[in-house]
Structures are given as structure tokens and as C-alpha cells.
Amino acid sequence: MGYAQLVIGPAGSGKSTYCSSLYDHCQTVGRTIHIVNLDPAAEHFDYPVDMDIRELISLDDVMEEIGLGPNGGLIYCMEHLEDSLDDWFDEQLENYLDDDYLVFDCPGQIELFTHVPVLRNFVEHLKRKNFNVCAVYLLDSQFVSDVTKYISGCMASLSAMIQLELPHINILSKMDLVSNKKDVEEYLDPNAQVLLSQLNRQMAPRFGKLNKCLAELVDDYSMVNFIPLDLRKESSIQYVLSSIDTCIQYG
């Protein structure tokens, strides 16, 4: 049985930096992981790429030859990957043993993991190949500076959880850039009543019922909590990796 992380999250949330730091950490502790680039628009990497979608298709080629824009071109590339799972991708997977650990660095286009079925079908293919997969959702900690932004991040995370139907870990990235850690601590494991109170203070009274529904939704899905990640600290990286390993192993 193989193991895999599907690293997802909005553009700029630090997915590639996370993959690079994870690789360095595993090198330090003597653990082997293989990082796969699934972003057809990527250009530079701070980690060795063991499998690269750009060997199959690149965004620049699609934009030049078909005339699509960046967003449409990226969706086209990912759909082409989906069409190539039984040939190109399976051929790539033959290079890895049953107990290998793959980390998939995904594009940041949010619709890929919220409502377009490409990544879900990709995950189902991995499962058929006997891989245990965990979704690792990164959210920029600086984005969680107030309750309205936090709720927005939670809704995107929930959408990905429902779409992918995978064991799921939420990570607050870039904690090393947060000047006051107390600003985000209350959002790591949120309380519905506290969220509702904060929402009602910031928004007009006519949104009261909506605020109540949103706070209850976050509370009902008690899975929506976040692990802070400070890449300056090896202990923080190890804690995140241990949590993901448990998630992959036991779901």
C-alpha cells in the first residue's frame, strides 16, 4: 500500500514552500518522500521533482496553441491529466514501490478542489492503485485576521472536504509571519457562540440569521479546526507531519 498527501489551498497559501520544507525535514530525519508537481504553470522549485505534469502538458503550450487564458488553460491541463490517468500517470506510478510516500503539490485554482471533479477523479484513481490519501488544506494565517475572513476560509475548506471525500487536515501556514500569535489562536478550534458574537458585531443586523447559520455550520462540522505551522521550527513541521501520518493511516 502506498501513501499520499494531496496538498491543496488557495493561490499564495504556501503550498510549494510547505512541500519544500517537508522534503528538507524528511531528509534531515532520514525519511524518504517523493514530491509530485501537479501545477502545469509552475516554473521554479526548491525541491527535487520526482514526477511533473509539465512532462505531459504545460499551461504555456496550451495558451499558445489553443488560445485559452490562464484559468481556462489550467482547467484544460488538469482535464488532460484526468484523461491520461490510465496511461501516462500509471506509467509514472510504476517507478514507485508499494510503500512509497508521495506528496502532490497542486495548483491553487480554488475550483479544482471545490466543484470541478478533476481532483476527485484523480484521488479515486489513486485509491484504486492502493494508495491511502489525505488532503492537506493550507490557509494563509494572515488571512485569518478577523472572523469574516476566517468564515470564508472555513467555507472553502468545507467545500474541499465534501468534494474530495478524503481524510482531511487543515493547516494555518506562514505562522512565522504573524506578529501576534494570539490574534489567530482563537480560530484554531473555534467556538460557535464566540464566532456568532463576533460576526454580529461586525455585520449589519439584517445578517443575523445568516451569521447564526454559518456559525452553526462550522460548529456542526467539528472537523474544521486548524493546525498552526511555523516553518522556522522543526518541532512544528514534525507535529504537522505526525498528524498527517495518523490521518493517512487511520482516516
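This is a predicted model: local features need pLDDT of at least 70, side-chain atom pairs count only at pLDDT 80 or more; totals for chains, interfaces and linings use all residues.
Visitor: Let us start with helix packing. At what angle do the axes of H2 and H3 cross?

Guide: Take the two axes and look at both distance and angle. Helix H2 covers residues 59-66 and helix H3 covers residues 70-83. Their axes come within 9 Å and cross at roughly 115°. Angles of 65 to 115 degrees count as roughly perpendicular, so H2 is roughly perpendicular to H3. The crossing of H2 past H3 is right-handed.

Visitor: Which residues make that contact?

Guide: From H2 come Leu59, Val62, Met63 and Ile66. From H3 come Pro70, Gly73, Leu74, Tyr76 and Cys77. By type, eight are nonpolar, one is polar and none is charged.

Visitor: Now H6 and H8. How are these two helices oriented to each other?

Guide: Again, read the angle. The axes of H6 and helix H8 (residues 192-202) come within 9 Å, with a crossing of roughly 120°. H6 and H8 are therefore oblique to each other. On the H6 side, the contact uses Val147, Thr148, Tyr150 and Ile151. On the H8 side, it uses Leu195, Gln198, Leu199 and Gln202. This contact divides into five nonpolar residues, three polar and no charged.

Visitor: On to single residues. Is Ser141 buried or exposed?

Guide: Relative accessible area settles that, and buried means under 20%. Ser141 has 2%, so Ser141 is buried. Its place is the loop between strand S5 (131-140) and helix H6 (147-164).

Visitor: What does the side chain of Ser141 reach?

Guide: Look for backbone oxygens. One is that of Ser173, at 2.7 Å. Another is that of Lys174, at 3.1 Å. Beyond its neighbours within four places in sequence, Ser141 is in contact with Leu172, Ser173, Lys174, Met175, Val178 and Val184.

Visitor: Which residues does Lys174 touch?

Guide: Not counting residues up to four places away in sequence, Lys174 touches Gly12, Ser13, Gly14, Asp140, Ser141, Gln142 and Leu229. Its side chain also reaches the backbone oxygen of Gly12, at 2.6 Å.

Visitor: Where in the fold are Asn130 and Glu165?

Guide: Asn130 is in the loop between helix H5 (118-128) and S5. Glu165 lies in the loop between H6 and strand S6 (168-173). Asn130 counts as partly exposed, at 43% relative accessibility.

Visitor: One last residue. How far apart in space are Leu97 and Ala11?

Guide: Take the C-alpha distance beside the sequence separation. Leu97 and Ala11 are 86 residues apart in sequence and 31 Å apart in space. Leu97 belongs to the loop between helix H4 (85-93) and strand S4 (101-105). At 59% relative accessibility, Leu97 counts as exposed.

Terms used. Residues are numbered from 1 along each chain as its sequence is written. Side-chain values use heavy atoms; hydrogens and water are left out. Axes are lines fitted to C-alpha atoms, for helices over the stretch in contact, and angles run from 0 to 180 degrees between N-to-C directions. Helices (H or I, at least four residues) and strands (E, at least two) are DSSP runs, numbered from the N terminus. Angles under 35 degrees count as roughly parallel, over 145 as roughly antiparallel, 65 to 115 as roughly perpendicular and the rest as oblique. A crossing is left-handed if the near helix is turned anticlockwise from the far one by less than a right angle, and right-handed if clockwise. Contact means heavy atoms within 4.5 Å. Ala, Val, Leu, Ile, Met, Phe, Trp, Tyr, Cys and Pro count as nonpolar, Asp, Glu, Lys and Arg as charged, and the others, Gly among them, as polar. Buried means under 20% relative accessible area, exposed over 50%, partly exposed in between (1.4 Å probe, protein chains only). A polar contact is a pair of N or O atoms within 3.5 Å; within protein, one must be able to donate a hydrogen and the other to accept it, and residues adjacent in sequence count only if both atoms are side-chain atoms.
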